[in-house]
Each structure stands twice: as C-alpha cells, then as structure tokens.
Amino acid sequence: MSNPALLLVHGFPFDRAMWRHQLAALADGECLAPDLRGAGSAPAPQSPDEYSMAAYARDLIGLLDERRIGSAVVCGLSMGGYITFELLRQFPRRVRAVVLCNTKATADTPGAKLGRDALAEKARARGASAVAQELVARVLGPGTRQKMPKVVREVTEMIERQPVAGIVGALRALRERPDSTPLLSKISVPVMVVAGDADQITPAAGMREMADAIPGARFIQIRDAGHLTPLEQPVAVNTALAGFLAELR
C-alpha cells in the first residue's frame, strides 16, 4: 500500500528545490513540491497585493484539483507552515494530516513587520543577492555553515535566483498573515512538528510549545540543523517523514 499524497510547501525566499532530498526519498506515493507564486519557475505577479497566505493556499488547492487529489498530507516549512494553517482554516477537508517544519503559529510583531518592510526595500534597491547576503547566516545552523559549504552555496544560489517581485510580494504576505494560535487547539488531523535545534528564526523551544497546544501532535527535534532542516539534515527529516506517512496508510 502506497503512502498518501504528500504536498511539500516551501518557505521564503526559496523554491521547490529545497525539497529535493525528500522528493528523491519519498517516491512511494504521489509527492508534489510546487513552486509558489513568485518563486522558482512559477509566474510572479508584479503587484504585492496579489500575494497573501490565502492566495498561496488557493493556488495549492487548484493544484490538488488538477491532479484530482481529494486530500493530501501537507508539509510546510516556515512560510509553508503559515500557508498550511491557512489551508486548515479554509479547506480543512483537503488536509489529511500536517507536518509543521521550522514554523510558528503567531503573527508578526510590529518590530518584525518593520523588518519585512526594510528587507523589501533592500530587495527593490539591490536585488535578490542582497537578500541572500542578509538571510543565509540566519537560516542555516552554525554546523552547516562551518562544515557543509555545498549546502551554503545551494541556499545562497536558491535565494539569488528568486524574482524580486516574488520576494517583495511574499514579504507583504508574511507581514500581514493572521495569528494562527487560536487554531491550534482545533486541529483534528494527525500532526508532526519538526524543529531544528539550532534554528534562530523559529527556535525549538517555541515549536515544542506549539506542538503541546495541538491535540495529539508529536514533536521531533533534529540535531545540528538550523531553519532549513530538510536540506541541512535530510536523512533525519526523511526518516521522520517516512515513519509519519507509513502510519497514515
């Protein structure tokens, strides 16, 4: 019996390539890892108003409809987790189970919103490479930066190839996203929460608290990983995902 359909939702400012290890390892069943609007090879609307968590969620439901997939296990990382919460709010019947990677339920603070605005201005003025210069050291754990130069290069190049319109639009979507904390206690599907022990952006302690607020959720902490656990420690993440999917067959 094959695994249920799996929908992998990437974070910001990345594209589907961040899931390359999972796509290779989890081929037992339908596995989708689309580029979100404004990322990778997907069309990039020029107006920031065309980007929101709700818009990303509708795009993903459209993809499931195209593939005639009734429901899927949704695995979202960082911004992908925020989109997963939106799917749970708007389209709960389409979500078979959830994997929340390196994400959180809270909305942006006023200070974080100012940071989004500043990064958007930097992207407009200096391009995607300036965004990469600012973010790479934050999204990767210290062990990755010191010992895995290929991953550092891969992440840098992934950010640098993103369209500026998509970066700016995603930053608007991030700053305007709703607080999903009230949703946590109402989630009724199986949930696995995956954290990196060296994540500076969504620290493991906060992710454990989020998992504790979700009925029946399991919490897994990945060693020697920052904010991009699927790329930094793919074997550990793939093992956790494969075990979770097997239980849903």
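## Around Arg161

Arg161 touches Asp15 and Ala17, leaving out residues up to four places away in sequence. This is a predicted model, so take everything below as computed from it. Arg161 itself lies in the loop between α7 and α8 (164–175). With a relative accessible area of 44%, Arg161 is partly exposed.

Pro13 also belongs in this part of the picture. The C-alpha atoms of Arg161 and Pro13 are separated by 9.6 Å, though the two residues are 148 residues apart along the chain. Pro13 is found in the loop between β1 (6–9) and α1 (20–25). Have a look at the backbone there: the peptide bond from Phe12 to Pro13 is cis, with omega near -5 degrees.

## How α5 meets α7

Helix α5 covers residues 128–139 and helix α7 covers residues 149–160. Their axes come within 8 Å and cross at roughly 145 degrees, and the crossing is right-handed.

On the α5 side, the contact is made by Ala128, Ser129, Val131, Ala132, Leu135, Val136 and Val139. Their partners in α7 are Val152, Val155, Thr156, Ile159 and Glu160. Sort the residues of this contact by type and you get 9 nonpolar, 2 polar and 1 charged.

## Tyrosine rings

Searching the whole structure turns up 1 aromatic pair. The ring centres of Tyr51 and Tyr56 are 6.4 Å apart and their planes sit at 65 degrees, so this pair is edge-to-face. Tyr51 and Tyr56 are both buried.

## Two arginines in loops

Arg94 lies in the loop between α3 (79–90) and β4 (95–101). Arg94 has a relative accessible area of 19%, so it counts as buried, the cut-off being under 20%. Setting aside neighbours within four places in sequence, Arg94 is in contact with Ile61, Leu64, Asp65, Ile69, Gly70, Ser71 and Ala72.

Arg68 lies in the loop between α2 (53–66) and β3 (72–77). Arg68 counts as exposed, at 79% relative accessibility. Its backbone is worth a glance too: Arg68 has a positive phi of about 55 degrees although it is not a glycine.

## Another positive phi

Asp224 is a residue other than glycine with a positive phi, near 55 degrees. You'll find Asp224 in the loop between β6 (218–222) and α11 (229–232).

Conventions:
Residues are numbered from 1 along each chain as its sequence is written. This is a predicted model: local features need pLDDT of at least 70, side-chain atom pairs count only at pLDDT 80 or more; totals for chains, interfaces and linings use all residues. Side-chain values use heavy atoms; hydrogens and water are left out. Axes are lines fitted to C-alpha atoms, for helices over the stretch in contact, and angles run from 0 to 180 degrees between N-to-C directions. Helices (H or I, at least four residues) and strands (E, at least two) are DSSP runs, numbered from the N terminus. A crossing is left-handed if the near helix is turned anticlockwise from the far one by less than a right angle, and right-handed if clockwise. Contact means heavy atoms within 4.5 Å. Ala, Val, Leu, Ile, Met, Phe, Trp, Tyr, Cys and Pro count as nonpolar, Asp, Glu, Lys and Arg as charged, and the others, Gly among them, as polar. Rings of Phe, Tyr and Trp (its six-membered ring) pair if their centres lie within 6.5 Å; planes under 30 degrees apart count as stacked, over 60 as edge-to-face and the rest as tilted. Buried means under 20% relative accessible area, exposed over 50%, partly exposed in between (1.4 Å probe, protein chains only).
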